[in-house]
Amino acid sequence: MWIGWMECDVLLGDVQSLKEKRSVLRPVVAEVRRRFDVSVAEVEFQELHRRAVIGAALVAADRAHAVEVLDAVERYLAYRPGMDLLSVRRRTVTGDD
């Protein structure tokens with residue numbers, strides 16, 4: 001069993017309030033969850049209106065599949081209009097670690 005996770009630090013475009021931030025992030029989180037079948041949530045900077053950290057995690061039978069899915073999530077977020085991907089932290093570990 002392999003566990004893969006990532007944290008994507010994003011800067012949101014023309015967002016002036018926390019309410020606008022939620023209206024931008026909610027569809028992104030839902031689409032990542034639907035498209036890639038991962039657990040995903042906003043995990044940091046909830047009090048800032050232009051920054052967010054989106055966390056995604058999955059369990060896979062092999063490391064290659066976990067890396068492939070995390071790569072796809074990263075590409076999706078990197079090319080998403082209205083947000084800039086600032087940095088990505090990721091890790092894959094086995095269930096034995």
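**Close-up views of a predicted model**

**View 1. Asp-9, a buried residue of the predicted model.** Asp-9 is buried, because its relative accessible area is 12%, a value that falls under the 20% limit for a buried residue. This residue belongs to strand S1, and, when residues up to four places away in sequence are not counted, Asp-9 touches Phe-45, Arg-51, Ala-52, Val-53, Asp-84, Leu-85, Leu-86 and Ser-87.

**View 2. The open sheet of four strands.** The strands of this sheet follow the order S2-S3-S1-S4, and their pairing is antiparallel. S2 and S4 stand at the edges with a single partner strand each, so one side of each of these two strands has no neighbour in the sheet. Averaged over the sheet, neighbouring strands are turned by 20 degrees against each other when direction is ignored. In general, strands of a sheet pair through backbone hydrogen bonds, and the pairing may be parallel or antiparallel.

View 3. Strand S2, which covers residues 39-44, runs antiparallel to strand S3, residues 51-60, and five bridges join the two. Strand S1, residues 2-12, pairs with S4 in the antiparallel sense over eleven bridges, and here Leu-11 stands opposite Asp-84 in S4.

**View 4. The two helices against the strands.** Helix H1, made up of residues 18-36, lies across S1, S2, S3 and S4, and runs at about 150 degrees to S2. Helix H2 also packs on the sheet, where it touches S1, S3 and S4, and its direction makes about 170 degrees with that of S4.

**View 5. The aromatic pair of Phe-36 and Tyr-76.** A search of the whole structure finds one aromatic pair. Phe-36 and Tyr-76 form this pair in an edge-to-face arrangement, with 5.9 Å from centre to centre and 65 degrees between the planes. The pair links distant parts of the chain, since Phe-36 lies in helix H1 and Tyr-76 in helix H2, 40 residues apart. Both Phe-36 and Tyr-76 are buried.

**View 6. Tyr-79, an exposed residue in a loop.** Tyr-79 is found in the loop between helix H2, residues 63-78, and strand S4, residues 83-94. Tyr-79 counts as exposed because its relative accessible area is 70%, which lies over the 50% limit for an exposed residue. The C-alpha atom of Tyr-79 is separated by 21 Å from that of Gly-4, and these two residues are 75 residues apart along the chain.

Conventions:
Residues are numbered from 1 along each chain as its sequence is written. This is a predicted model: local features need pLDDT of at least 70, side-chain atom pairs count only at pLDDT 80 or more; totals for chains, interfaces and linings use all residues. Side-chain values use heavy atoms; hydrogens and water are left out. Two strands pair if DSSP finds at least two bridges between them. Buried means under 20% relative accessible area, exposed over 50%, partly exposed in between (1.4 Å probe, protein chains only). Axes are lines fitted to C-alpha atoms, for helices over the stretch in contact, and angles run from 0 to 180 degrees between N-to-C directions. Contact means heavy atoms within 4.5 Å. Rings of Phe, Tyr and Trp (its six-membered ring) pair if their centres lie within 6.5 Å; planes under 30 degrees apart count as stacked, over 60 as edge-to-face and the rest as tilted.
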